[in-house]
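Work through the exercises below with the model open beside you. Try each task before reading its solution.

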Amino acid sequence: MQKKIDRGRRFLTENNQMFRCPICQEGVNATANGLVCQNNHRFDLSKKGTLYFLSHAVKTEYDQTMFAPRRRMIQSGMYQPVIELLAEYLPKQASVLDVGCGEGSFLNELAQLQTLEKAVGFDISKEGVYAATDQAVNAFWCVADLTNLPFGDQQFTTILNIFSPSHYQEFQRVLSDDGEVLKIVPQENYLKELRQAFYPDRPEKQHYSNERVVAKFAESMELTKRRRVTYEFVIPEQNRQDLLAMSPLEWQVEEPIKAQLYKEPLKKITIDIELLKGNKRKRLQ
Ligand SMILES: [Zn+2]
């Protein structure tokens, strides 16, 4: 099997025109170790074949310990209907950018259902991106800043934005003219059992509305489709602790509540999401 770093190097040699320098915005060339721009800013491949485009270290909400349970939950089938919904809207031979890819499971699962021309995933977490290199999908992974993407204009036909933040100006820039964003956002009953268990006495924490997120999307993209999917997932016994460990909600939970939940974890969970499909606007409003 080809080593990860050789796979990364090969991708850069063949696709260097896809990237641009995030420091000076100039084009880049492939080197033996990564990329270099016309102003000599260098980005070297890690041993895992990933690139690091951040100019300074960033603290993220996710740490290493959350990626393994997240991967196990996705593999358990918890999001299978969501993945199938995405595959339905993902054009064949798409050039895909997965924004906030985490440990890469969603992109990996989608690549089993649809033939992709190109697949690139990035996240702000280095640990997530390293973990993503273990996925079977033939993709390039990098650490990058959502607000300053290291890609040239019009390089992707599809942006995947699955439970992750958005930056529509950058999305518009890197999308081809007929490109589109597929965004998955929680709906009001998403993980409601978890919210209720975490915050039994705080109803304000139990409720969630995606109204503002949807409004922002519709302002920034040409909203062409909304699809809501709701179901109850019976959590396999061996994954019940994973659900608790993968969730960022966990941090603000009081210790006794958390301890109790680990002793008696949830047996089922509601998934309630919406797919937003948005075409590129010809001109930003
Ligand atoms: Zn540069």
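**Exercise 1. Find the buried residues of α1 and say what covers them.**

Step 1. The buried residues of α1 are I5, G8, F11, L12 and N15. Buried means under 20% relative accessible area, exposed over 50%, and partly exposed in between (1.4 Å probe, protein chains only). Helices (H or I, at least four residues) and strands (E, at least two) are DSSP runs, numbered from the N terminus.

Step 2. These residues cover an arc of only 125° around the axis, so they sit on the same side of α1. The arc is that of the directions from the helix axis to the C-beta atoms.

Step 3. The cover over the buried residues of α1 includes β1 (28-30), β2 (34-37), β4 (51-52), β6 (116-123) and β7 (140-143). Contact here means heavy atoms within 4.5 Å.

Two notes on the source: the model is predicted, local features need pLDDT of at least 70, side-chain atom pairs count only at pLDDT 80 or more, and totals for chains, interfaces and linings use all residues. Residues are numbered from 1 along each chain as its sequence is written, and side-chain values use heavy atoms, with hydrogens and water left out.

**Exercise 2. Check the span of helix α1.**

Step 1. Helix α1 covers residues 4-15, twelve residues. The expected span is 1.5 Å times one less than the number of residues.

Step 2. That gives 16 Å for α1, and its end C-alpha atoms are 16 Å apart, so the two agree.

**Exercise 3. Describe the zinc site: which residues coordinate the ion, and what is the geometry?**

Step 1. The donors are C21 (SG), C24 (SG), C37 (SG) and H41 (ND1), at 2.1 to 2.3 Å. Donors are N, O and S atoms within 2.8 Å of the metal (3.2 Å for Na, K and Ca); water is not among the atoms, so sites may look incomplete.

Step 2. In sequence, the donor residues follow the spacing C-x2-C-x12-C-x3-H.

Step 3. The four donor atoms subtend angles of 99 to 117° around the zinc ion, so the arrangement is tetrahedral. Four donors count as tetrahedral if all angles lie between 85 and 135 degrees.

Step 4. C37 is buried, at 6% relative accessible area. H41 is partly exposed, at 24%.

**Exercise 4. Locate Q155 and list what Q155 touches.**

Step 1. Q155 is in the loop between β7 and β8 (156-162). Q155 is partly exposed, at 23% relative accessibility.

Step 2. Not counting residues up to four places away in sequence, Q155 touches Q17, M18, S95 and V174.

Terms used:
Four donors count as tetrahedral if all angles lie between 85 and 135 degrees; four count as square planar and six as octahedral if opposite donors are over 155 degrees apart and all others between 65 and 115; anything else is irregular.
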